[in-house]
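Please keep the sequence and the structure in view while reading.

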Amino acid sequence: MSIITNINKVFDHRIRLGIMSILMVNEYADFNTLKELLDVTDGNLASHTKALEKADYISVEKQFIGRKPNTRYATTKLGRAEFKKHIDALEKLINKE
Amino acid sequence: MESKDYLKDIAEIKNLMNKSSRFISLSGLSGILAGIYALIGAATAYWLVTTYSYGTLLLDGWVFRTCLVILAAVAFLSIVTAIILTTKKAKKNHEKIWDNTSKRLVFNFLIPLITGGLYILIILNQQKYGQAGALMLIFYGLSLVSASKYSLGDIRYLGLIEIVLGLICALFPGYGFWLWALGFGVMHIVYGTWMHFKYDKQ
């Protein structure tokens with residue numbers, strides 16, 4: 001049971017897992033980069049980044065490049081720790097079976 | 001959820017981590033060709049020097065200048081080939097040729113390479129010719145090690161080999177020509193072939 005409790009509900013979705021994976025190995029990534037890498041629609045991506053932001057797992061930085069608005073995402077300390085826990089739990093689940 | 005789904009999750013995580021941080025469309029074939037250019041260049045230079053310079057290489061003579069031109073031509077052809085073949089492979093992989101990953105790769109490759117190139121030009125200008133071959137190998141090796149973090153990790157080992165060859169070359173400047181041909185010619189062909197079968201063939 002203790003293993004199951006480490007499976008984080010917030011990450012239990014392919015796209016959120018994808019967002020976190022990308023941000024774990026990059027200092028930051030902007031909206032369009034995430035969109036291309038994950039191959040999702042604007043609305044879909046926005047709702048998932050919002051969920052991660054709400055959990056305080058990623059931080060959002062809005063700025064302008066020239067006149068274009070640009071949104072950058074980065075992981076928070078909490079987000080990195082939780083993601084690691086989640087991955088460990090996944091691995092344990094796989095190894096158990 | 002079944003464990004199969006979790007396995008798929010892990011695979012997807014790995015894939016995205018690599019795709020977002022490393023440019024992996026480097027072509028092994030371009031390495032092979034670069035090695036062949038280097039060997040042809042080295043052989044031509046060797047033939048020129050042994051046939052026309054009677055044992056002493058005059059530094060302002062046409063033989064030496066032709067050797068420099070050969071060197072530049074080898075570098076130029078290698079770069080052009082690498083760009084063409086890599087662009088082709090990136091297209092096949094549906095990867096953008098000029099995105100954050102490739103920019104980072106080029107940037108990190110060029111910092112040690114340009115530093116070394118300028119340094120070699122400076123010492124050549126000061127009439128210190130003995131170490132040029134060793135320095136080319138060392139700085140090229142450092143460039144590869146630096147770039148390996150942003151591309152296929154295997155490049156790191158090629159970089160380390162070039163550095164070792166460069167240091168040996170510094171110890172035995174008399175064998176500079178052979179070590180240069182080994183580092184830039186043979187090693188490129190061996191490594192390019194290995195990369196070609198490991199990555200391109202899939």
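This is a predicted model: local features need pLDDT of at least 70, side-chain atom pairs count only at pLDDT 80 or more; totals for chains, interfaces and linings use all residues.

Two residues are taken to be in contact if their C-beta atoms, placed from the backbone, lie within 7 Å.

**Helix pairs in chain B**

Two packed helices are described by the angle between their axes and the distance between the axes.

| Helix pair | Axes come within | Crossing angle |
|---|---|---|
| H4(B) (residues 100-125) and H5(B) (residues 132-148) | 7 Å | roughly 165 degrees |
| H6(B) (residues 155-171) and H7(B) | 9 Å | roughly 170 degrees |

Because angles over 145 degrees count as roughly antiparallel, the crossing at roughly 170 degrees makes H6(B) roughly antiparallel to H7(B). On the H6(B) side this contact is made by Leu158(B), Ile161(B), Glu162(B), Leu165(B), Ile168(B) and Cys169(B), while H7(B) contributes Gly176(B), Leu179(B), Leu182(B), Gly183(B), Met187(B) and Tyr191(B). By class, the residues of the contact of H6(B) with H7(B) are nine nonpolar, two polar and one charged.

For the other pair, the axes of H4(B) and H5(B) cross at roughly 165 degrees, which makes H4(B) roughly antiparallel to H5(B), and the crossing in which H4(B) passes H5(B) is right-handed. Residues of H4(B) that meet H5(B) include Leu105(B), Phe109(B), Pro112(B), Gly116(B) and Ile120(B), and among their counterparts in H5(B) are Leu135(B), Met136(B), Phe139(B), Ser143(B) and Ala147(B). The contact of H4(B) with H5(B) has 15 nonpolar and five polar residues, with no charged residues.

**A residue after H7(B)**

Lys201(B) lies in the segment that follows helix H7 (176-200) of chain B. Lys201(B) counts as exposed because it has 7 C-beta neighbours inside 10 Å. Although Lys201(B) and Gly28(B) are 173 residues apart along the chain, their C-alpha atoms are separated by 9.9 Å.

**The contact between the chains**

The contact of the two chains takes 15 residues from chain A and 13 residues from chain B. On the side of chain B that touches chain A, helix H1 (residues 3-21) of chain B gives the most, with 12 residues. That side of chain B comprises six nonpolar, four polar and three charged residues.

**A hairpin in chain A**

In chain A, strand E2 (residues 58-65) and strand E3 (residues 68-75) pair in the antiparallel sense over eight bridges, and Ser59(A) stands opposite Ala74(A) in E3(A). The hairpin of E2(A) and E3(A) has two residues between the strands, and in this hairpin Gly66(A) takes a positive phi near 65 degrees.

Conventions. Residues are numbered from 1 along each chain as its sequence is written. Chains are lettered from A and ligands numbered from 1 in the order in which they are written. Helices (H or I, at least four residues) and strands (E, at least two) are DSSP runs, numbered from the N terminus. Ala, Val, Leu, Ile, Met, Phe, Trp, Tyr, Cys and Pro count as nonpolar, Asp, Glu, Lys and Arg as charged, and the others, Gly among them, as polar. Axes are lines fitted to C-alpha atoms, for helices over the stretch in contact, and angles run from 0 to 180 degrees between N-to-C directions. Angles under 35 degrees count as roughly parallel, over 145 as roughly antiparallel, 65 to 115 as roughly perpendicular and the rest as oblique. A crossing is left-handed if the near helix is turned anticlockwise from the far one by less than a right angle, and right-handed if clockwise. Two strands pair if DSSP finds at least two bridges between them. A residue is buried if 20 or more other C-beta atoms lie within 10 Å of its own, exposed if 12 or fewer, and partly exposed in between; C-beta atoms are placed from the backbone.
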